[in-house]
Amino acid sequence: MSDFDYDLFVIGGGSGGVRAARIAATHGARVGIAEEYRYGGTCVIRGCVPKKLFVYASKFSEEFEDAEGFGWSVGERSFAWDKLTAAKDQEITRLEGIYRRNLDNTGVEIHDSRALIEDAHTVRLLSTGQTITAKYILVAVGASPNVDNSLPGGEHVITSNEAFHLSELPNRVVVAGGGYIAVEFAGIFNGLGVDTTLIYRGPEILRGFDMDLRRTVREEMEKKGIKVVLNDTFSSIEKQSDGSLIGRTKGGENMLADQIMFAIGRNPHTRDLGLEKAGVETDAVGAIKVNKDSRTNIESIYAVGDVTNRANLTPVAIREGHAFADTVFGNKPWTVDHSLIATAVFSQPEMGTVGLTQEQALERTPNLDIYKSSFRPMKHTLSGRDEKMLMKMIVDADSQKVLGVHIVGPDAGELAQVLGITLEMGATKADFDRTIAVHPTAAEELVTMREPTERLRG
């Protein structure tokens, strides 16, 4: 009989922690898990899933307009924010129930409590004060929205957490930030009829993505009526007697809004977790330092997901959790390759990307062939909407290996998933060229681009 209460205790009931708990249990481990809020984590409860539902809702305003170009007469229409949020809440509750049932079905013991680390093998449940021992502890507590606590009036802003639960839809919104959360919410609010401004401190939005895509998304957002302010940040925020806000910027602008939303990054949720008691090392931003096996400097403590600040995406956390459980409990050692990850930004228009950006590729090889195609999607030839689609392929000119594919336009995220498979297999430009096109589709451009638009040498 083991000297521990559990073989594994997981702190955090998000996607990574739940996957690790379930897989470890199927390998025969005795597993407990603690979550202080709701099972499913940021992605399911207040992230990817409700955000995508809001994206769907926000797109209907353009769909109604586009329908007229195809002969439809769309009558009077209105939008009810309370109906959308109620439907969203119902779906999230359903999904959380699935997460709980899946844990139950694999024999994982669920604790509805915040759990703190006491030492290398002990956690304490705040709800009861109970201490629990485990041979291994897995930390999967994710990250939380960052806010600028030094900003005068910063207490008046909301984050993505609160945006999902607003009692009413504001008439005017300013979103601060230039990452995927900021860009996605700007599109959501704008599509729902809100006067929307995006303010970002840098020279272009979506830092880290390919520059051609960054520029294209921003230009298309501006076409849709979103005001984008670059190279500027807030200096103060003041609340008026009527409840509205004035955001004053360092560039001298005064922005009037009913809500100001900050999406300026996320911090690992490690504060007051007790890591220092066990001697677990963290970096300057609080992220837990781990090796390729997700193990910390303490042999019995592991960490996966956003709390490690490696690749902060839900599918990555799931893979890391699965790899941990297989390696430690299933005698099937493997690690997650973070070098090639397909991803999507549900901006409007949507962006899908896999592999290296042009800037990253140039750091590896001076010889590149760049293929680009910009065109109006077929749907908009009749709708009349002024919106362009961009496809870009980056090829190593010496080996002809495809290093990256980047897309802006309808269903870009769906395309990125499939393209991720081809790049994982090491596809070359010749592999794309000999693939027969599916016509008429936008994706056929990927197999019909014959001549580079740019040849970069040396």
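Modeller: Start with F60 and F64, which both lie in helix α3, four residues apart, about one turn of the helix. Helices (H or I, at least four residues) and strands (E, at least two) are DSSP runs, numbered from the N terminus. This is a predicted model: local features need pLDDT of at least 70, side-chain atom pairs count only at pLDDT 80 or more, while totals for chains, interfaces and linings use all residues. Residues are numbered from 1 along each chain as its sequence is written, and side-chain values use heavy atoms, with hydrogens and water left out.

Colleague: Why is F60 called partly exposed?

Modeller: Buried means under 20% relative accessible area, exposed over 50%, partly exposed in between (1.4 Å probe, protein chains only). F60 has 47%, so the label is partly exposed. F64, at 31%, is also partly exposed.

Colleague: What makes the pair of F60 and F64 tilted?

Modeller: Rings of Phe, Tyr and Trp (its six-membered ring) pair if their centres lie within 6.5 Å; planes under 30 degrees apart count as stacked, over 60 as edge-to-face and the rest as tilted. The centres of F60 and F64 are 6.1 Å apart and the planes stand at 35 degrees, so this pair is tilted.

Colleague: Why are F234 and F262 called stacked?

Modeller: Their ring centres are 6.0 Å apart and their planes meet at 15 degrees, so the pair is stacked. It links distant parts of the chain: F234 is in strand β11 and F262 in strand β14, 28 residues apart.

Colleague: Are F234 and F262 buried or exposed?

Modeller: F234 has a relative accessible area of 7%, so F234 is buried. F262 has 6%, so F262 is buried.

Colleague: How many aromatic pairs does a search of the whole structure find?

Modeller: The search finds 11. One aromatic cluster is formed by F54, W81, F164, F185 and F189.

Colleague: What makes a set of residues a nonpolar core?

Modeller: The set holds buried Ala, Val, Leu, Ile, Met, Phe, Trp, Tyr and Cys residues joined through side-chain atoms within 4.5 Å. The largest one has 36 residues, and F185, L198, I205, V217, M221 and M261 touch the most other members. Helix α6 gives the largest share of this core, seven residues. Apart from it lies another core, of 27 residues, including A20 and L138.

Colleague: How do you know that K429 lies over the face of Y371?

Modeller: A charge sits over a ring if NZ of Lys or CZ of Arg is within 6 Å of the ring centre and within 35 degrees of the ring normal. K429 is at 4.4 Å from the ring centre of Y371.
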